[in-house]
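Subject: Structure handover and notes on helix packing

Dear colleague,

I am passing on the structure below, followed by my notes on what was found in it. Please read the notes with the model open beside them.

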Amino acid sequence: MDTRQHTEVDTVIVGGGQAGLALGYWLAREGRDFVILDENARAGEAWRQRWDSLRLFTPAKYDGLPEAPFPGDPLAFPPKDELADYLEEYVRRFDLPFRPATRVDEIRQDGQRFIVISKDHTWHASNVVIATGGHRIPKTPPFASELDPRILQLHSQDYKNPGQLRQGTVLVVGLGNSGAEIALETGRSHHTVLAGKPSGELPMRHGRTAARFGLPIVRFAGLHILNLNTPIGRKVAPRFKSMAAPLIRTKTKDLTASGVSLVPRLAGVSGGQPVVEDGTEIDAATIIWCTGYHEDYSWVKLPAFDEHGSPAQTRGVADKVHGLYFLGQEFLYSAASATLPGVTQDARYLARRITMTSESAVVPAPTAERRMA
């Protein structure tokens, strides 16, 4: 016997991060009937769960969602907890229908309607927007299980601060932005080795000067030049999706200057110890895997994915499933699609598409609004 509560709604947004909230704002302006479902207990919680010292790469002037500029110094790079608080306040300010602590276990279809199922609730909707991103499962190499059990292994999603680490050498695996930032931090208290090769480096020093002069150019290119409407955007899109982003704030010269040892990519295990491509064995007490995530859409029981398991979509609109949309993913439409400026642009487009194609009746838009603290 199904004891779940059942609710009819025009649109279900799965994921209450910046992408889902931006879309919620635009849907509210269009007078749509919708709900935002998020598995976390509070809006912004996904940011709070990341490592303690994390700061945004974009300056505050580019970190706001629609109609709510990010507070404070526009050229500063906010800490992750400030962004989390901002997102929580955004929900309150615009009175968005945000339902926390709701993990979606399955999405399927019954005729023309979608069925969105959680532990104790089922929503029946004309439209569903997946704004979670597909990268749910931390990625580590198969040989990680062969490492000496005395080595502490953490994925970057579990790393908080150097207080977690064991005495001895720290091996950080993966020279993307997360790996570079974490290695720079752990290098202040532990001998740190960083294994990997960067895909590139931002050709400017990150900071206030870049926020004033250089990053506006990067932002414009990411939104308006490197997108799927331009030949160059279509050419670089596969590379953006398959490779780590170039190093932005922490560069290789910063790492070496701080005493972090750079070594080739990790190749395997010998005698329980990690070994890099040149054959060097690393005597590590702690390994931090900054190796990304696997896509996982197994909970979406719809024919909406290509042969690689990635969404088959055009600018966020599912190619084969009418009424299904995606938002907040890497190069969904532009190189900036997974960033705060990019999700705002993509969310506005999807809100218009949903409004134009929805068969549900229009209901009055919410009017409650509070001032941003």
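Leaving aside its neighbours within four places in sequence, G20 is in contact with I13, G15, I36 and A131, where contact means heavy atoms within 4.5 Å. This glycine has its place in helix α1; helices here are DSSP runs of H or I with at least four residues, strands are runs of E with at least two, and both are numbered from the N terminus. G20 counts as buried because its relative accessibility is 0%, the classes being buried under 20% relative accessible area, exposed over 50% and partly exposed in between, with a 1.4 Å probe and protein chains only. Between G20 and I36, which are 16 residues apart along the chain, the C-alpha separation is 6.9 Å.

Before going further, a note on conventions: this is a predicted model, in which local features need pLDDT of at least 70 and side-chain atom pairs count only at pLDDT 80 or more, while totals for chains, interfaces and linings use all residues. Residues are numbered from 1 along each chain as its sequence is written, and side-chain values use heavy atoms, with hydrogens and water left out.

Nonpolar cores

The largest nonpolar core has 81 residues, and those with the most contacts inside it are V12, I107 and L324; such a core is a set of buried Ala, Val, Leu, Ile, Met, Phe, Trp, Tyr and Cys residues joined through side-chain atoms within 4.5 Å. Helix α1, which spans residues 18-29, supplies the largest share of this core, with 8 residues. As for I107, its contacts beyond four places in sequence include V14, F114, V128, I130 and W299. There is also a second, separate core of 15 residues, and among its members are F143, A144, V276 and I282.

Helix packing

Two packed helices are described by the angle between their axes and the distance between the axes. The axes are lines fitted to C-alpha atoms, for helices over the stretch in contact, and the angles run from 0 to 180 degrees between N-to-C directions.

Helices α1 and α3 (residues 80-93) pack at an angle of about 25°, with their axes 11 Å apart. That angle makes α1 roughly parallel to α3, given that angles under 35 degrees count as roughly parallel, over 145 as roughly antiparallel, 65 to 115 as roughly perpendicular and the rest as oblique. The crossing of α1 past α3 is left-handed, a term used if the near helix is turned anticlockwise from the far one by less than a right angle, with right-handed used if clockwise. On the α1 side Q18, L21 and Y25 take part, and they meet L87, Y90 and V91 in α3. By class, this contact of α1 with α3 has 5 nonpolar residues, 1 polar and no charged ones, where Ala, Val, Leu, Ile, Met, Phe, Trp, Tyr, Cys and Pro count as nonpolar, Asp, Glu, Lys and Arg as charged, and the others, Gly among them, as polar.

With helix α8 (residues 340-357), α1 packs at an angle of about 40°, the axes being 8 Å apart, and that makes α1 oblique to α8. Here α1 passes α8 in a right-handed crossing. The residues in this contact include A19, A22 and W26 of α1 and V343, A347 and I354 of α8, and by class they divide into 11 nonpolar, 2 polar and 1 charged.

Helix α5 (residues 208-225) also meets α8: their axes come within 10 Å and cross at roughly 30°, which makes α5 roughly parallel to α8. R219, L223 and H224 of α5 make the contact with P341, G342 and Q345 of α8, a set of 2 nonpolar, 3 polar and 1 charged residues. Also in α5 is A221, which is partly exposed because its relative accessible area is 22%.

Loop residues

E67, in the loop between α2 (45-48) and α3, has a positive phi of about 65° although it is not a glycine. F331, in the loop between β18 (324-326) and α8, likewise has a positive phi, near 50°, and it counts as buried at 0% relative accessibility. V321 is found in the loop between β17 (317-318) and β18 and is buried, with a relative accessible area of 3%.

With best regards
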